[in-house]
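Dear colleague,

Please find below the structure for your review. I would be grateful if you would read the notes that follow alongside it.

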Amino acid sequence: MRLTETADVWWKNAVVYCLDIETYFDTDGDGRGDIRGLSQRIDHLAELGVTCLWLMPFYPTPDRDDGYDITDFYGVDPRLGTHGDLVELITLAQDRGIRVIADLVVNHTSDQHPWFKSARASRTSPYRDWYVWRDEPPANQHEGIVFPDQEDSLWEYDEEAGQYYLHQFYKHQPDLDIANPAVREEILKIIGFWLRLGLSGFRVDAVPFLLDTAGATDAANLADPHDYLRDLRAFLSRRDGQAVLLGEVNLSYKDTRTFFGDEDGDELNMCFDFIGMQKMYLSLARQDPAELVKALRERPAPPEEAQWGTFVRNHDELTLDKLTKDERQEVFDAFGPDEDMQLYGRGLRRRLPPMLGNDQARIKMVYSLLFSLPGTPVLFYGEEIGMGENLAAEGRNAVRTPMQWTTGPTGGFSTADPGDLAGPVVEGDLSPEHVNVAAQRKDPDSLLSWIKLLAQRYRECPELSWGECTILEHDTPSVVAHRSDYEDGTIIALHNFSAEPAEITLVVAGSGVGVRVADLLTGATSDVENDGTLRHQVGPYGCCWLRVLRAGDRYLV
């Protein structure tokens, strides 16, 4: 294994952890998490095995969209802390081997941003053409609306400006015009500023929307928007050769592949695998991994130094938009039968544990799958302890509840009254009384202990991140089996989607003489038969990572 494969291209085998500062840990008792609070909890992430911390927006904001409506791309929201607090956090993280990336949200601004205030005030404003304006909305203004329960058009008339402006998201988030060279240059300055303060890259929000110039009058200034994405990547690499762009691209596999760039990978370093995630939930609903297996076989290989980002859920609704209507209904019936659990008719506003009835074996199987599949695992805060959602919160905020550190009415998140918190605490069987970090740290059988083990084994196994993955053929339909080979190492992972035990027979070697397998999750070993076949038992919702051991191997197991 070459050093560059775990150092220079660190995102290939990172463990990414996403959190919202305002719901993580509150140190000043105002009910809102803060940067100092996150700094005080940085050792929790280090112990978990996190190597990359992804911060949701911490910029100044009116907070009408959980911080994704920004009024200053160079600032820190004073309710969360200062630039000094942020630099101290980055330093503490780096001291523990954790890189820090942040959301880059430059498709739009808040309508309270000084740029937009100036733009709407006068047609001669230097910022007027930083946004997209029209005297009349186009005929397709009602097509492609992202939030159909909140908006009925992509264009909004502004009385002060006397024109319509484009907003692909909420009307209080006017779109920037990246066809304008001044806007593109400003985005580069924003990236350069935060790299200088110590960030190791960015999760780029809504990439296809950012590159969409369809509504711009000067779109000819950027004939191929991907040219701009290549410029972003080139600038990033010049400033910091190890910085990363992780893109939110929820498109078909064929279309998403283009956002990596050519074979040299000159655009995004990473793209989220939205299709694999959605097919996983369909497979869970059916207790049959066939749809996930199909997706994995269809997923294109990224460029050599790029990587797919795999995840169980993220900070938004759990989108099911790439499933057919009937498939989506299957997932709704299994995991979100009440309308209140659904959002926009295309996704779920729930977390995994309540969807699976808090079945610990099944939950642990899913996270074993996450860490063993080819790609970089991305966790959303609270997943490591099995947090649930609070459906009393509005929309996507159902899964953005305060982190549960201890027992008590606020889960140790804050000393403020429960009614003064940034969001409502989870209630019921998954409340802090039953699910919290403090209790699970003492329990070797807890989900927290399991995630720590998975992260450790994943980091020890270059086969999983750098190896060639093969989906294995066999006659046990409830089990997905895949093999990862790298240099002289081989790992075979088995995951049973059924509540019934299963036996699987696989060919693992040309000859089985002197060959054994060792389960990296339990330490148990077994022999491979002389003809190279392995017969293995997998329990109900069981999982195992089997390292193939040959005579003379010196692997630790």
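This is a predicted model: local features need pLDDT of at least 70, side-chain atom pairs count only at pLDDT 80 or more; totals for chains, interfaces and linings use all residues.

Residues are numbered from 1 along each chain as its sequence is written, and side-chain values use heavy atoms, with hydrogens and water left out.

Aromatic rings

A search of the whole structure finds 32 aromatic pairs. Rings of Phe, Tyr and Trp (its six-membered ring) are paired if their centres lie within 6.5 Å; planes under 30 degrees apart count as stacked, over 60 as edge-to-face and the rest as tilted. The rings of F58 and Y59 have planes at 40° and centres 4.5 Å apart, so this pair is tilted. F58 and Y59 are both buried, where buried means under 20% relative accessible area, exposed over 50% and partly exposed in between (1.4 Å probe, protein chains only).

Y281 and F335 form an edge-to-face pair, at 6.4 Å centre to centre and with 80° between the planes. Because Y281 lies in helix 9 (residues 274–286) and F335 in helix 11 (residues 325–335), the pair ties together parts that are 54 residues apart in sequence. Helices (H or I, at least four residues) and strands (E, at least two) are DSSP runs, numbered from the N terminus. Y281 counts as buried at 1% relative accessibility, and F335 is buried at 3%.

One aromatic cluster is formed by Y17, Y24, F25, F380, Y381 and W405. The ring of W405 also has the charged end of R41 over it, 4.8 Å from the ring centre. Likewise, the charged end of R128 sits over the ring of W133, 4.3 Å from its centre. A charge sits over a ring if NZ of Lys or CZ of Arg is within 6 Å of the ring centre and within 35 degrees of the ring normal.

Packing of helix 9

Helix 9 and helix 11 pack at about 60°, with their axes 9 Å apart. Axes are lines fitted to C-alpha atoms, for helices over the stretch in contact, and angles run from 0 to 180 degrees between N-to-C directions. Helix 9 and helix 11 are therefore oblique to each other; angles under 35 degrees count as roughly parallel, over 145 as roughly antiparallel, 65 to 115 as roughly perpendicular and the rest as oblique. The contact (heavy atoms within 4.5 Å) involves residues including Y281 of helix 9 and F335 of helix 11.

Helix 9 also packs with helix 10 (residues 290–298), at an angle of about 160° and with the axes 7 Å apart. Helix 9 and helix 10 are therefore roughly antiparallel. Among the residues that meet here are I275, G276 and K279 in helix 9, and A290 and E291 in helix 10.

Within helix 10, E291, L292, V293, A295 and L296 are buried. The buried residues of helix 10 pack against helix 8 (253–257), helix 9, helix 11, helix 13 (360–372), strand 15 (468–471) and strand 16 (479–486).

A loop residue

D152 lies in the loop between strand 4 (133–134) and strand 5 (155–158), and is exposed, with a relative accessible area of 60%. Leaving aside neighbours within four places in sequence, D152 is in contact with H142 and I145. D152 and H142 are 10 residues apart in sequence, and their C-alpha atoms are 6.1 Å apart in space.

Yours sincerely
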